[in-house]
Amino acid sequence: MDLSQPATDLLEVVALVIRGVSDNRDLSLTAVAALGSLDRRGGQRITTLATAEGVSQPSMTQLIQRLEQRGLVERTSDPSDGRVALVSLTAQGRAALAARRQRNAKRIAGLLADLPEEGVRALADALAAVLPGIRAQVAGDARAVSRDQRGCSAASAGAARSSG
């Protein structure tokens, strides 16, 4: 199967959705990605975060300093090596990330609400079919298994259908 067209179409959808939800510039996409990584994987070294997000270590250090000043992350000593600092989400950081995700989900639901119901159903079915595999391939995302076990994908698909 030639995957070039579905891949191109998916890239366009991703870009359009990001544009559709990105009117809130309180955090950069890199900051949100770093917070998301800390949420999924727990405390990490700055070098690990920098590598995961494709930025230099000095750039990530500056970002972490700004997030720390806002109370979204904190640095603690690595129990296995006291010379190394681990960056972790604070309760405030976890709440800010959850609020942003909820706000974006509402905006995306608004975009979906204007589409034909059969198209939204097809999208929900396609996402349910491919999202667990993509999660596992891309990041070894620990939430992939737990979310699917809780039925979050099905609930999200149902919410998308009911908003259409």
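Buried means under 20% relative accessible area, exposed over 50%, and partly exposed in between, with a 1.4 Å probe and protein chains only. The model is predicted: local features need pLDDT of at least 70, side-chain atom pairs count only at pLDDT 80 or more, and totals for chains, interfaces and linings use all residues. Residues are numbered from 1 along each chain as its sequence is written, and side-chain values use heavy atoms, with hydrogens and water left out.

**View 1. Arginine 103 in helix α5.** Arginine 103 sits in α5, which spans residues 91-113. Helices (H or I, at least four residues) and strands (E, at least two) are DSSP runs, numbered from the N terminus. Arginine 103 is partly exposed, at 28% relative accessible area. Valine 21 is 82 residues away from arginine 103 in sequence, yet their C-alpha atoms are 8.4 Å apart.

**View 2. The whole chain.** Eight helices and two strands make up the secondary structure of the protein. Their order along the sequence is α-α-α-α-β-β-α-α-α-α. Of the 164 residues, 26% are buried. A contact requires heavy atoms within 4.5 Å. Among contacts with a separation of 6 or more, 51% join residues 24 or more positions apart.

View 3. Helix α3 covers residues 46-53, and its buried residues are Ile46, Leu49 and Ala50. They lie on the same side of α3 because they span an arc of only 100° around the axis. That arc is taken from the directions from the helix axis to the C-beta atoms. An α-helix has 3.6 residues a turn, so residues three or four places apart point the same way. The buried residues of α3 pack against α2 (29-41), α4 (57-69), β1 (73-78) and β2 (81-89). After α3 comes glycine 54, with a positive phi near 70°.

**View 4. Where α2 crosses α4.** The two axes come within 11 Å and cross at roughly 80°. Therefore α2 is roughly perpendicular to α4. Axes are lines fitted to C-alpha atoms, for helices over the stretch in contact, and angles run from 0 to 180 degrees between N-to-C directions. Angles under 35 degrees count as roughly parallel, over 145 as roughly antiparallel, 65 to 115 as roughly perpendicular, and the rest as oblique. From α2, Thr30, Ala31, Ala34 and Leu35 meet Met60, Leu63 and Leu67 of α4. This contact has six nonpolar residues, one polar and no charged ones. Here Ala, Val, Leu, Ile, Met, Phe, Trp, Tyr, Cys and Pro are nonpolar, Asp, Glu, Lys and Arg are charged, and the others, Gly among them, are polar.

**View 5. The largest nonpolar core.** A nonpolar core is a set of buried Ala, Val, Leu, Ile, Met, Phe, Trp, Tyr and Cys residues joined through side-chain atoms within 4.5 Å. The largest one has 18 residues; Leu27, Leu35, Met60, Ile64, Leu67, Val73 and Val87 have the most contacts inside it. At least two residues of this core come from each of α2, α3, α4 and β2. Helix α2 gives the largest share, five residues. Beyond four places in sequence, methionine 60 touches Ala34, Ile46, Leu49, Ala50, Glu53 and Val55.

View 6. Serine 88 belongs to strand β2. Serine 88 is buried, at 18% relative accessible area. Glutamine 65 is part of helix α4. Glutamine 65 is partly exposed, at 38% relative accessibility. Its C-alpha atom is 9.6 Å from that of arginine 75, ten residues away along the chain.
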